[in-house]
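Try each one before you read its solution.

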Amino acid sequence: MLLLAILLNSLFIYGQVRPDSSNQEDRNLKFDSSDLRIIQRADSILSDSLKWNKQDDRECADDIATGRYSLYCALYKASIDITGEYIHRRAAMQIVRFTLEKYDDGRVKNHRLMDWNNHPATTFSEVKRVLRESLDTVIQELKKR
């Protein structure tokens, strides 16, 4: 237990994971070019259905090791690849969460990305649609600048 506390504290200190400042989600997202690249990278990581892990456990080391990624772990890996860190409420992550809400249909109970990814009704084509729609939203918002 002490080792876990030390590890989590180290991750917070060194910026690999950042705690939320509140339980409220800010839906007024501010995107930058890294958000665009994170979603593009996640989309390329999930290039075909054989690379999709439909059994997300929110632990990404095994996804990275096998090359089969849940939606969450593809976004996690893409975040690390693009920015060198993972920020749980980064705009890129949030827009994907908000986009998949349109396709929830009762699939989500606790963790949007995991529950939706793992639900029997969720298909790979839906995962790709959510990524494309999220990407389109980011592109449109960046064009407004």
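**Exercise 1.** Where is Arg 107 found? Work out its surroundings too.

*Solution.* Start with the ground rules: this is a predicted model, where local features need pLDDT of at least 70, side-chain atom pairs count only at pLDDT 80 or more, and totals for chains, interfaces and linings use all residues. Residues are numbered from 1 along each chain as its sequence is written, and side-chain values use heavy atoms, with hydrogens and water left out.

Step 1: Arg 107 is found in the loop between α5 and α6; helices here are DSSP runs (H or I, at least four residues), numbered from the N terminus.

Step 2: Arg 107 counts as buried because its relative accessibility is 7%, and buried means under 20% relative accessible area (1.4 Å probe, protein chains only).

Step 3: Leaving aside neighbours within four places in sequence, the contacts of Arg 107 include Trp 116, His 119 and Glu 126, where contact means heavy atoms within 4.5 Å.

Step 4: The side chains of Arg 107 and Glu 126 make a polar contact at 3.0 Å. That term covers a pair of N or O atoms within 3.5 Å; within protein, one must be able to donate a hydrogen and the other to accept it, and residues adjacent in sequence count only if both atoms are side-chain atoms.

**Exercise 2.** Which helices do the buried residues of α7 pack against?

*Solution.* Step 1: Find helix α7 at residues 124–143.

Step 1: Pick out its buried residues, among them Phe 124, Glu 126 and Leu 131.

Step 2: The buried residues of α7 pack against α2, α4 (71–83), α5 and α6 (112–118).

Technical notes: Helix = DSSP H or I, 4+ residues; strand = E, 2+ residues; numbered from the N terminus. Expected span 1.5 Å × (residues − 1). Buried < 20%, exposed > 50% of the residue type's maximum accessible area, 1.4 Å probe, protein only.
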